[in-house]
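Thanks for coming, everyone. Please look at the model on the screen while I talk.

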Amino acid sequence: MKLNKYIDHTVLKAVTEPKDIIKLCEEAREYDFFSVCVNGSYVKLAKKELEGSDVKVCAVIGFPLGAMSTESKVFEASQCIKDGASEIDMVINVGMLKAGEYDYVENEIRAIKEAIGSNVLKVIIENCYLTDDEKRKATELCLNAKADFVKTSTGFGTGGATFEDIALMKSIVGDKAQLKAAGGVRDLATAKKYIELGATRLGTSSGVELVTTGTADPTKY
């Protein structure tokens, strides 16, 4: 297993500066990660810094709350693709899901997928706010809307990925979609366990530590 190719090397903090994106891309090149995951304003810079490599650019949409209008999310996703992203990680409208507005949630996912075409769509359902039944329903809506991945978390909620959530989501998606675990993936044993449970991508800001020392420095987070 080449762990590096499971990693979306991520920097999404509010205080992120251009120099942080340049460092992120340098590390992604050095360790041959699958992608870098950045906010939309940094897509052009990341694309430029990764020119000549096979590292992808992933952009987050409606991040981190997911409560923007569908039209705003569609525009944001389309613009990020124009700027050089080839993968989109969108946040669902969690409140609409919890209110039982399933058509709204599914239609929004579908609209973004249609807007980005053959580019990869990962849908963040933010499991920390959901019951198991809501997690099942959210995952089903992602499948209905033809999303490529279902993703556990933004990393900005009250909790991140759990083994139980990945197992539950895998039981629903089967081989119809892929899974991304994100939020709290900071040591090698955890990363490997997610992969064993069915995750094919890991969102983490600890990618370098995972592929070198096998663990992140807890004082950094």
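First, a term: buried means under 20% relative accessible area, exposed means over 50%, and partly exposed is in between, with a 1.4 Å probe and protein chains only.

Now the ground rules. This is a predicted model, where local features need pLDDT of at least 70, side-chain atom pairs count only at pLDDT 80 or more, and totals for chains, interfaces and linings use all residues. Residues are numbered from 1 along each chain as its sequence is written, and side-chain values use heavy atoms, with hydrogens and water left out.

Cysteines. A disulfide here is a pair of cysteine sulfur atoms within 2.5 Å. How many disulfides does that rule give? The count is 0. Take Cys25: its nearest cysteine sulfur belongs to Cys37, 12 Å away, and Cys25 is in no disulfide. Cys25 counts as buried because its relative accessibility is 0%. Cys58 is in no disulfide either; for Cys58 the nearest cysteine sulfur is again that of Cys37, at 3.5 Å. Cys58 also has 0% relative accessibility, so it counts as buried.

Next, the cores. A nonpolar core is a set of buried Ala, Val, Leu, Ile, Met, Phe, Trp, Tyr and Cys residues joined through side-chain atoms within 4.5 Å. The largest one has 57 residues. Which members touch the most others? They are Val36, Ile92, Ile109, Leu121, Val123, Ile125 and Leu202. Helix 7, residues 163–173, gives the most to this core: 5 residues. Helices (H or I, at least four residues) and strands (E, at least two) are DSSP runs, numbered from the N terminus. Another core lies apart, with 7 residues, among them Leu12, Cys58, Val91 and Ile124.

Contact means heavy atoms within 4.5 Å. Leaving out residues up to four places away in sequence, Val123 touches Met90, Ile92, Ile109, Cys142, Ala147, Phe149, Val150 and Lys151.

Now the glycine. Gly183 sits in the loop between strand 7 (178–182) and helix 8 (188–197). Gly160 is 23 residues away from Gly183 in sequence, yet 4.0 Å away in space, C-alpha to C-alpha. With the same exclusion of residues up to four places away, Gly183 touches Gly155, Gly160, Ala161 and Gly203.

Last, helix 6, residues 132–144. Which of its residues are buried? Glu134, Lys135, Ala138, Thr139, Leu141, Cys142 and Leu143 are. Their cover includes helix 4 (94–98), helix 5 (102–116), strand 5 (120–124), strand 6 (149–151) and helix 7. After helix 6 comes Lys146, with a positive phi near 70 degrees.
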